[in-house]
Amino acid sequence: MTSQIRRASVSVPANIAEGYGPVTRQEYIRYLRIALGSLRELDTHLVISERVGLAAPEKISPVIKEADELTGLIVSTINKLQG
């Protein structure tokens, strides 16, 4: 589970950075959506880790809160780029 959490958490900024290069607006939106998917995957792994007792709620809750905030930022960015 730890390796999956690490992989998903690294994938988020990596996809944002990759999409920010010299690509079209639509390609950037595609990379942001991929990053959003990785962020949702991370959130799922964190929730599962908590529910099966692999991590304490007080350790997981702040990370989930940050993931939720980042989700809002990415969705907002996608909406602005589409609009």
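Predicted model: local features only at pLDDT ≥ 70, side-chain atom pairs only at ≥ 80, totals over all residues.
Residues are numbered from 1 along each chain as its sequence is written, and side-chain values use heavy atoms, with hydrogens and water left out.

**Overall layout**

Along the principal axes, the C-alpha atoms fill a box of roughly 45 × 25 × 15 Å.

Of the 83 residues, 29% count as buried. My cut-offs: buried is under 20% relative accessible area, exposed is over 50%, and partly exposed is in between (1.4 Å probe, protein chains only).

I also checked contacts, meaning heavy atoms within 4.5 Å. Among those with a separation of 6 or more, 67% are between residues 24 or more positions apart.

For charges, I counted Lys and Arg as positive and Asp and Glu as negative, leaving out His and the chain ends. Each charge is placed at NZ of Lys, CZ of Arg, CG of Asp or CD of Glu. The mean positions of the 10 positive and 9 negative charges are 4 Å apart.

**The core**

How many residues does the largest nonpolar core have? I get 16, and those with the most contacts inside it are Val12, Leu32, Leu39, Leu42, Leu46, Ile74 and Ile78. Helix H1 (2-20), H2 and helix H3 (57-82) each give two or more residues to this core. H2 gives the most, with eight residues. A core of this kind is a set of buried Ala, Val, Leu, Ile, Met, Phe, Trp, Tyr and Cys residues joined through side-chain atoms within 4.5 Å. In soluble globular proteins, nonpolar side chains tend to be buried together.

I clicked on valine 12: not counting residues up to four places away in sequence, it touches Ala35, Ser38, Leu39, Leu70 and Ile74.

**The serine pair**

Serine 38 sits in helix H2 (residues 25-51), and serine 11 in helix H1. Are these two buried or exposed? Serine 38 is buried at 8% relative accessible area, and serine 11 also counts as buried, at 18%. Their side chains are joined by a polar contact of 2.8 Å. That term means a pair of N or O atoms within 3.5 Å; within protein, one must be able to donate a hydrogen and the other to accept it, and residues adjacent in sequence count only if both atoms are side-chain atoms. Beyond its neighbours within four places in sequence, serine 38 is in contact with Ala8, Ser11, Val12 and Asn15.

**Two more residues**

Aspartate 43, in helix H2, is partly exposed at 23% relative accessibility. Leaving aside neighbours within four places in sequence, I see aspartate 43 in contact with Ile64 and Asp68. Aspartate 43 and alanine 8 are 35 residues apart in sequence and 9.1 Å apart in space, C-alpha to C-alpha.

Leucine 73 belongs to helix H3 and is exposed, with a relative accessible area of 55%. I find 15 Å between the C-alpha atoms of leucine 73 and tyrosine 28, which are 45 residues apart along the chain.

Conventions: Helix = DSSP H or I, 4+ residues; strand = E, 2+ residues; numbered from the N terminus.
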